[in-house]
Amino acid sequence: MLSAKLRIAARLTAIVALGALTAGCFQPMYAAKTADGSPALREKLAAVEVPPLDYPNASPQARVGVEIRNALMFKMYGAATGTAPLYTLKIRFNPSRTSLIVDPNTALPTSENYGIDATYGLIEIATGKQVLTGSTFARVTYDIPGQQQRFARTRAARDAENRAAGEIADNINTRLASFFYKES
């Protein structure tokens with residue numbers, strides 16, 4: 001009984017000692033200043049230009065593209081513009097809509113899935129070289145109320161588009177952050 005308590009105490013002491021040794025190595029990813037004085041991650045993300053996505057005006061893709069762009073810029077800069085751009089981010093996406101549940105009486109969908117498949121590339125402006133490419137996706141589900149509630153159906157679809165655009169922006173921002181963090 002005593003040796004079991006002694007072993008547990010020894011293990012806890014080892015864990016605390018290892019934690020104390022590695023505590024000085026930790027640096028928050030989004031810290032305002034780095035230990036060596038190099039630009040912080042926020043400053044690097046602020047140097048990425050996100051041009052308007054190239055979709056025809058007044059198309060559903062144009063609205064979703066604006067939503068993706070605005071959400072991404074807010075996540076990277078915290079505002080509408082960043083600093084002088086060193087990189088350009090090109091984004092292309094394809095939306096999709098799938099009926100999940102169909103009412104057997106009316107043959108109308110009661111639940112749909114909205115999806116976005118996006119590809120992106122980060123281009124260094126000075127050299128014109130593509131330094132990062134990737135793809136991401138988002139799938140969100142929304143319910144469609146009865147046939148008499150057309151506005152609610154349209155609003156549910158738009159809300160699903162906005163949520164999917166936000167997920168795409170989150171995914172791209174996270175991948176850009178990890179790219180810049182790795183580079184520093």
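Strands β1 and β2 run parallel and are joined by two bridges; strands here are DSSP runs of E with at least two residues, helices are runs of H or I with at least four, and both are numbered from the N terminus. Two strands count as paired if DSSP finds at least two bridges between them. Within this pairing, Val48 stands opposite Tyr87 in β2. A word on the source: this is a predicted model, where local features need pLDDT of at least 70, side-chain atom pairs count only at pLDDT 80 or more, and totals for chains, interfaces and linings use all residues. Residues are numbered from 1 along each chain as its sequence is written, and side-chain values use heavy atoms, with hydrogens and water left out.

**The sheet**

Four strands make up an open sheet with mixed pairing, in the order β1-β2-β3-β4. The edges belong to β1 (48-49) and β4, each with a single partner strand, so one side of each has no neighbour in the sheet.

Next along, β2 (residues 87-102) and β3 (residues 109-124) run antiparallel, with 15 bridges joining them. Asn94 has Asp117 in β3 as its bridge partner. The two strands form a hairpin with six residues between them, and Ala107 in the turn has a positive phi of about 60°.

Then β3 goes on to β4 (residues 130-143), again antiparallel, through 13 bridges. Here Gly115 has Arg139 in β4 as its bridge partner. This hairpin has five residues between its strands, and the positive phi in the turn, about 75°, belongs to Gly128.

**The whole chain**

Zooming out, the chain has four helices and four strands, running α-α-β-α-β-β-β-α from the N terminus on. Of its 184 residues, 33% count as buried, where buried means under 20% relative accessible area, exposed over 50%, and partly exposed in between (1.4 Å probe, protein chains only). The accessible surface comes to about 11700 Å², of which 58% belongs to carbon and sulfur atoms; areas come from the Shrake-Rupley method with a 1.4 Å probe, and for residues only the protein chains shown count as cover. Among contacts (heavy atoms within 4.5 Å) with a separation of 6 or more, 63% come from residues 24 or more positions apart.

**Rings**

Which rings join up into a cluster? Ring pairs link Tyr87, Phe179 and Phe180. Rings of Phe, Tyr and Trp (its six-membered ring) pair if their centres lie within 6.5 Å, and planes under 30 degrees apart count as stacked, over 60 as edge-to-face and the rest as tilted. The whole structure has three aromatic pairs. One of them is Tyr87 with Phe180, edge-to-face at 5.2 Å centre to centre and 65° between the planes. That pair links distant parts of the chain, with Tyr87 in strand β2 and Phe180 in helix α4 (residues 150-183), 93 residues apart. Phe179 and Phe180 are also edge-to-face, at 5.2 Å and 65°. As for burial, Tyr87 counts as buried at 16% relative accessibility, Phe180 at 3% and Phe179 at 10%.

**Salt bridges**

A salt bridge here is a side-chain nitrogen of Lys or Arg within 4 Å of a carboxyl oxygen of Asp or Glu. The count comes to six, including these:

| Pair | N to O distance |
|---|---|
| Lys75 and Asp170 | 2.7 Å |
| Asp117 and Arg139 | 2.8 Å |
| Asp159 and Arg163 | 3.3 Å |

Lys75 is partly exposed at 27% relative accessibility, and Asp170 is partly exposed at 36%. Asp159 and Arg163 both lie in helix α4, four residues apart, about one turn of the helix. Salt bridges also link Arg63, Arg97 and Glu161 into a network.

Tyr77 lies in helix α3 (residues 60-77) and counts as buried at 19% relative accessibility. The C-alpha atoms of Tyr77 and Arg42 are 7.4 Å apart, although 35 residues separate the two along the chain.
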